[in-house]
Amino acid sequence: MTRLLTIMPFCLLLFACNSSNKEKNNDVDTTQKFTVTEKPFGGVDSSAVVQYTLSNPAGMQVSIINYGGTITEILVPDKEGNTGDVVLGYKSLDGFLQKENPYFGALIGRYGNRIAAAKFTLDGLVYQLAKNNNGNSLHGGDNGFDKVVWTAERMPGDSSLKLTYSSKDGEEGFPGQVNVQVTYTLTNNNELKLDYTATTDKATPVNLTSHAYFNLSAGKDSTIQNHELHLNADRYTPVNASLIPTGAVNGVKNTPMDFTTSKLVGRDIAKVDGGYDHNWVLNKASNELSLAATLLDAGSGRTMEVYTTEPAIQFYSGNFLDGTLKDTKSGQPYVKHAALCLEAQHYPDSPNQPSFPNTILKPGETYRQTTVYKFGVK
Ligand code: GLA
């Protein structure tokens with residue numbers, strides 16, 4: 001494989017790294033270029049926020065800002081070849097900074113999802129976290145990884161962006177300094193790959209995920225009720241009224257939670273109190289990268305497959321969206337169920353639930369997670 005690296009000084013807006021590949025790979029003409037471009041996207045306190053756009057030879061584009069490591073745009077073609085943006089977001093940084101922003105596109109940590117009573121005990125010590133969700137901790141606390149400015153580094157010769165963040169000992173009440181790295185890579189085959197690693201100097205819970213809100217119709221359909229979803233999961237973790245797992249792991253068969261064969265999201269949603277916002281336990285014996293979910297919007301023909309090394313996935317059907325968010329990308333209101341999230345993760349409240357897979361990272365260990373969002377048409 002001949003790989004030709006060209007550094008072009010002022011391509012598009014600022015610098016762009018280009019790699020061209022003179023071979024044919026499947027049906028993709030790789031003589032076209034992979035690019036990473038960047039442009040200013042405002043600032044937070046004294047830190048500049050930059051938007052990076054990864055493009056592949058097939059014409060797919062993913063934009064990410066270093067604020068929250070947030071995905072701001074995913075442009076993919078429909079069955080007629082028309083490109084559309086399949087994630088919710090805002091026109092400007094102000095949108096992402098609004099207090100009500102429900103984690104659109106962001107990286108989530110140090111502990112994605114909920115920790116009951118915002119409290120856990122580790123090695124005999126009790127740790128109290130911020131109660132930012134009905135007396136519980138949600139998505140890392142008041143200032144989780146979604147609300148910090150990450151250090152971004154373009155990877156030369158590829159369509160990858162490496163983001164790093166160092167979370168201090170005691171940050172949001174968690175023990176230990178945690179150094180996190182997340183690399184976004186756009187491949188030839190319209191896959192967006194997220195590789196996460198983390199290390200710590202004290203034992204601490206770690207559960208990282210991505211909170212993109214998908215609507216594969218790219219604005220044509222105001223909700224995802226007509227999306228067809230398959231989840232490779234025979235079981236899920238039932239929750240109490242504040243969405244904390246009861247500790248049980250139940251079968252989905254003969255319940256509205258059954259997505260073992262593809263069905264419309266809207267088919268049984270009214271039977272689920274509040275809509276879908278649950279953790280499905282993936283059918284897998286080890287942490288191999290395997291298919292977790294398949295989504296289809298028959299109208300546009302767009303499909304998305306989710307592969308992950310994680311043991312579970314939170315399927316959230318955008319229940320708290322109510323049309324009031326400001327500065328939305330196209331100006332259209334994001335109504336209830338306007339989009340859905342498929343958050344590859346460990347189970348919620350694992351630090352308090354000894355029967356759930358372990359989420360405690362210890363010094364000397366490396367947390368690793370890979371999740372792939374693969375787009376196509378049908
Ligand atoms: C997660 C949670 C939901 C909700 C959203 C953000 O997916 O599970 O309950 O808090 O984040 O609004």
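# Strands, cores and rings

Reader: Why are strand β7 and strand β8 called a pair?

Author: Strand β7 (residues 61-65) and β8 run antiparallel and are joined by five bridges. Two strands pair if DSSP finds at least two bridges between them, so five bridges meet the condition. A strand here is a DSSP run of E with at least two residues, and strands are numbered from the N terminus. In this predicted model, local features need pLDDT of at least 70 and side-chain atom pairs count only at pLDDT 80 or more, whereas totals for chains, interfaces and linings use all residues. Residues are numbered from 1 along each chain as its sequence is written, and side-chain values use heavy atoms, leaving out hydrogens and water.

Reader: Which residue of β8 is the bridge partner of Ile-64, and what lies between β7 and β8?

Author: Ile-71 in β8 is the bridge partner of Ile-64. The two strands form a hairpin with four residues between them, and Gly-68 in the turn has a positive phi of about 70 degrees.

Reader: How do you know that β8 also pairs with strand β9?

Author: Three bridges join β8 to β9 (residues 83-85) in the antiparallel sense, one of them linking Leu-75 to Asp-85. In this hairpin, five residues separate the strands, and Gly-81 takes a positive phi near 90 degrees.

Reader: What makes strand β8 mostly covered?

Author: Six of the eight residues in β8 (residues 70-77) are buried. Buried means under 20% relative accessible area, with exposed over 50% and partly exposed in between (1.4 Å probe, protein chains only).

Reader: Why does His-211 count as buried?

Author: The relative accessibility of His-211 is 3%, under the limit of 20%, so His-211 is buried. His-211 is placed in strand β20 (residues 209-211).

Reader: What does His-211 touch, and what makes its approach to His-139 a polar contact?

Author: Contact means heavy atoms within 4.5 Å. Not counting residues up to four places away in sequence, His-211 touches residues including Phe-104, His-139, Tyr-316 and Cys-341. The C-alpha atoms of His-211 and Cys-341 are separated by 6.3 Å, although the two residues are 130 apart along the chain. The side chains of His-211 and His-139 make a polar contact at 3.3 Å. A polar contact is a pair of N or O atoms within 3.5 Å; within protein, one must be able to donate a hydrogen and the other to accept it, and residues adjacent in sequence count only if both atoms are side-chain atoms.

Reader: What is meant by a nonpolar core, and how many residues has the largest?

Author: A nonpolar core is a set of buried Ala, Val, Leu, Ile, Met, Phe, Trp, Tyr and Cys residues joined through side-chain atoms within 4.5 Å. The largest has 60 residues, and Ile-74 is among those with the most contacts inside it. Strand β17 (residues 178-186) supplies the largest share, five residues. A second, separate core of 18 residues includes Phe-104 and Cys-341.

Reader: Why is Lys-263 said to lie over the face of Phe-259?

Author: Lys-263 is 4.4 Å from the ring centre of Phe-259. A charge sits over a ring if NZ of Lys or CZ of Arg is within 6 Å of the ring centre and within 35 degrees of the ring normal, so the distance of 4.4 Å falls inside the limit.
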